[in-house]
Amino acid sequence: MKRSAVANAVLIGVAGVFLTIWTFPVLWALLTSFKTERDVLAYPPTLFFTPTLGNYKDVLFGATTILPNLISSFIVATSTTIVTMLLAIPAAYALARLNLPARRAGGFYILATQMLPPVGLIIPYFLFLQKIGWLDSYKGMTLIYLTFSLPFAIWLMVSYFEDIPREMEEAALIDRAGRLRAFLYIVLPQVSGGIAVTVIFVFLNAWNEFLFAVVLGGNNVRQVTVAMFNFISVEQTMWAKLGAAAIVTMAPVLLLGLFAQRHIVKGLTVGAVKGGGRR
Amino acid sequence: MSQAGRVSLKSIVKRHGAVTALHGIDLEIEPGEFFALLGPSGSGKTTTLRIVAGLEETSGGSVFIDGVDVTHTEPGDRDVAMVFQSYALYPHLNVFQNIAFPLRMVGMPRQEMDDSVREAARKVHIDHLLARKPGQLSGGQQQRVALARAIVRKPRLFLLDEPLSNLDAKLRLETRGELKKLQRSLGVTTIYVTHDQEEAMTIADRMAVFMDGRIVQVGTPKSVFDRPATADVANFIGSPPMNLIHASYLDGAVTIGDHVLRSDCKFRGLRDVIVGIRPSSIRLGPTGIPARIDLIENLGDALLVDLRLGDDIIRARVGTDLSASEGDTVFFSAEPAHIHLFAADTRQRLNA
């Protein structure tokens, strides 16, 4: 009894340390976002200061507004996510169900694309987009993000589809559903958790992406990560505004995560095929 | 009994790459029949069922249901229902929705669907579970949901793939009886796959015994039990299995070692045979073939006695009044009518 109390305390302590390390930058950005630029540079850092909403006002509605950039990011991330999922779901289903000879090699290729350092692709991508005139455009950014998100999404979704017993689909076929309805009514609802997870990953990657955004974007498509970068300049770094911008940028991501969390839990398959049923 | 549900298989062949799973299956199943496909695992019985269902393509041959060639018909267009070994319930739908699914797929009106689902659920005694999800049910309840989903459609054919194999022994026995009654009351042709010979014996009107992708015998459980067509069928049907002993035959008499047993075979000549005697047909007494008792197992209402004869072990099922004990030498014999003879080379039955 006593021992488990000690073990508990240690566990909580260790968890606390990790949590502190992980949340510190976020909390620091949050604190900074409410300071004036003068308070930010105070040394030693002040813990007690008069909070101001001025940074948020500037960042959202002032001269240095990032609202258009947020919208740009949202368009790019959303279109990337939609196109990715529309292609990845059928592709992953096919890979999971068909005995294609190139399946293993294909799986490795998909994984390999995730290992490439993105920096190495910037120049070819730039030249390619320039040739077809898609630089600094939404379709161009979406296309480039697809090259990373699509293999990743397929790879992730395949495992979810593989978890669904074939017999379940066969039962639907015998129950006169036909291939399409068996897929839509029986298979798809069971991978909804997997779809939610994949959507989050794909959306986040596109939303947080900086490298391609800064090189392949421009005046038309300037994503929020690039706009935030502009708070750092040669003459001056506007830390407080950067902090406010960071918090504003994080907010939708956090909301998405919270919203999806419910779905992830709900989407878990609860023992349909027997054996898994009783727990 | 309805006249729909006649199934004919004509020289069905199934190949997986270089492996041939079915070597030309011919089978006629009558309307309303409870028909078992029996065989050890890997003998092709499940493949045959899946071909009837349309879940598996044939490599050759044709499938007819009620005289119509359905070899290339989609599973959904064959008007058959199936219960899978795993039950294959839809985990995201509740019991009602699971049972209603095949009706929903053909756009049955709401009220009619509601009534049909409730009626099917009542028949298998799960009408109180309609709101539950499959994951919240016991194995036996899940099995009933799968059954209800099959009967709700009133199909012309039920296909059951080892539906009882995932239940515990007591429940299996109960469900077996209920299944048989249900099938009788519905009168729908039922094809039932099992590797359990006792299950097939008790439940089926007729059965086909599969061995290595071939049907070796078709008949009523009694005829298969009484007159197994090959030594392998003899060994497969019955528990404990039939004793098979190599011997030589001459004009009706069988010689095992130095000893002679009479059989009711009439044919003339000398040949190598396999003698088959069921454990329950063996009599221990003052005369017969001497053998030493290796082991006695008490089953409660009977004794299983292992007799050693040379290198062979012969099992006998005898009454509990046996006075001999392990290590003793006893004499065994069997009625001529209970002696099965199989050719040593082809393993085919020799008695009439």
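This is a predicted model: local features need pLDDT of at least 70, side-chain atom pairs count only at pLDDT 80 or more; totals for chains, interfaces and linings use all residues.
Residues are numbered from 1 along each chain as its sequence is written, chains are lettered from A and ligands numbered from 1 in the order in which they are written, and side-chain values use heavy atoms, with hydrogens and water left out.

Chain B contains eight helices and 20 strands; these are DSSP runs numbered from the N terminus, helices being H or I of at least four residues and strands E of at least two. Its C-alpha trace spans about 75 × 45 × 40 Å along the principal axes. Of its 352 residues, 52% count as buried, meaning under 20% relative accessible area, with exposed over 50% and partly exposed in between (1.4 Å probe, protein chains only). Among contacts (heavy atoms within 4.5 Å) in chain B with a separation of 6 or more, 65% come from residues 24 or more positions apart.

Strands of a sheet pair through backbone hydrogen bonds, either parallel or antiparallel. In chain B, five strands form an open antiparallel sheet in the order β15-β19-β16-β17-β18; two strands count as paired if DSSP finds at least two bridges between them. β15 (283–285) and β18 (312–318) of chain B are the edge strands, each pairing on one side only. Within the sheet, β16 (residues 289–298) and β17 (residues 303–309) of chain B are joined by six bridges in the antiparallel sense. One of the residue pairs is B:Glu297 with B:Leu304 of β17(B).

Strand β3 (residues 34–38) of chain B has parallel partners. Five bridges join β3(B) to β8 (residues 189–194) of chain B, and four join β3(B) to β9 (residues 206–211) of chain B. B:Ala36 has a bridge partner in each: B:Tyr192 in β8(B) and B:Met207 in β9(B). In a regular strand the side chains alternate between the two faces of the sheet. In β3(B), B:Phe34, B:Ala36 and B:Leu38 lie on one side and B:Phe35 and B:Leu37 on the other, and all are buried.

A buried residue is also found in a helix. B:Thr175 belongs to α5 (residues 169–186) of chain B. B:Thr175 counts as buried because its relative accessible area is 4%. Leaving aside residues up to four places away in sequence, B:Thr175 touches B:Gln143, B:Leu164 and B:Leu167.
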